[in-house]
Amino acid sequence: VLSSMFAPSLTYQFALVLLIAVLGVLCGKWKYSIKGVCFYAVVCVLTVWIMAAMTGTLRTMFVAFLGLFHKVYACGMLAGIVLSTTKVSEFLSAMNKAHVPKKVVIPLAVMLRYLPTIREDWHFIKDAMRLRDVSPSLKGLISHPGMTIECLYSPLLMAASKAADELAIASVTRGIENPHARTCLIQIRFRIQDFLIICCFAVMMVVNFIGRGGAI
């Protein structure tokens, strides 16, 4: 987050995304990583073209939007890798070994289960609404805003609220608030791979502060 927030140039942002993509490949998410890098490369080319070809208010509007996009993209891509490769049980065991307070661990654990549940509900709602010719796309929202909100987004909000309550109850039932140390069949350890990854991102952070004077 800090590396993306204080990125000195667009080139640095692209290098950061490439580093995250390498991490994704090492975690087995090579399709996700390749798609993420290709999409970001297209956005980078579009950004350079807009800064060179456009002027005035339109240029300012696009640069402001793309600037925010560049700051968020690397964080979102890394979050996608973390969420898709981390099991809740492993996460809880790792946090317990790191002696992280439960006030921090419990909301994060619920979030890890919450997002996949909402994504599953979203797919079910979309499949049901396609039978009524309601599209979740931007075109459907513009052409039939009332119907789209009523048939898609309102059920999604209700499902999200229900899922949050169910996950909270299930977590308490399974002993998430148990003060004793957790047990886990998988050995959670800090390995040489973790140390190398931390070193790589630390180097990127150092390069960030060294290259703050550059711009693109």
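Partly exposed, in my notes, means a relative accessible area between the buried limit of under 20% and the exposed limit of over 50%. I keep that at hand because Phe69 has a relative accessible area of 22% and so falls in the partly exposed class. I also remind myself that I am looking at a predicted model.

I looked up Tyr73 next, and at 14% relative accessible area Tyr73 is buried. Both residues sit in helix α4 (residues 56-85), and being 4 residues apart there puts about one helical turn between them. How many aromatic pairs are there? I find a count of 5 aromatic pairs. For Phe69 and Tyr73, the ring centres are 5.3 Å apart and the planes stand at 40°, so I list this pair as tilted. Then I asked myself which residues form the aromatic cluster. Phe14, Phe39, Tyr40, Phe69 and Tyr73 make up one cluster.

**Entry: α3 against α4**

The axes of helix α3 (residues 30-53) and α4 come within 11 Å, with a crossing at roughly 165°. The cut-off for roughly antiparallel is over 145 degrees, and α3 and α4 are therefore roughly antiparallel to each other. Is the crossing of α3 and α4 left-handed or right-handed? I noted it as left-handed. From α3, the contact residues include Phe39, Tyr40, Val43 and Ile50; from α4, they include Leu66, Phe69, Tyr73 and Met77. Sorting the residues of this contact by class, I get 15 nonpolar, 6 polar and 1 charged.

**Entry: α2 against α3**

Helix α2 (residues 10-26) was my next stop. Its axis and that of α3 come within 8 Å and cross at roughly 170°, so α2 and α3 are roughly antiparallel to each other as well. On the α2 side I found Phe14, Val17 and Leu18 among the residues that meet α3. On the α3 side, Trp30, Val37 and Tyr40 are among those that meet α2. This contact has 12 nonpolar and 4 polar residues, and no charged ones.

**Entry: a loop residue**

Last, I checked backbone angles. Most residues other than glycine have a negative phi. His99 made me stop: its phi is near 60°, a positive value in a residue other than glycine. Where is His99? I located His99 in the loop between α5 (88-97) and α6 (102-130). With 70% relative accessibility, His99 counts as exposed.

Note on methods: Residues are numbered from 1 along each chain as its sequence is written. This is a predicted model: local features need pLDDT of at least 70, side-chain atom pairs count only at pLDDT 80 or more; totals for chains, interfaces and linings use all residues. Side-chain values use heavy atoms; hydrogens and water are left out. Rings of Phe, Tyr and Trp (its six-membered ring) pair if their centres lie within 6.5 Å; planes under 30 degrees apart count as stacked, over 60 as edge-to-face and the rest as tilted. Helices (H or I, at least four residues) and strands (E, at least two) are DSSP runs, numbered from the N terminus. Buried means under 20% relative accessible area, exposed over 50%, partly exposed in between (1.4 Å probe, protein chains only). Axes are lines fitted to C-alpha atoms, for helices over the stretch in contact, and angles run from 0 to 180 degrees between N-to-C directions. Angles under 35 degrees count as roughly parallel, over 145 as roughly antiparallel, 65 to 115 as roughly perpendicular and the rest as oblique. A crossing is left-handed if the near helix is turned anticlockwise from the far one by less than a right angle, and right-handed if clockwise. Contact means heavy atoms within 4.5 Å. Ala, Val, Leu, Ile, Met, Phe, Trp, Tyr, Cys and Pro count as nonpolar, Asp, Glu, Lys and Arg as charged, and the others, Gly among them, as polar.
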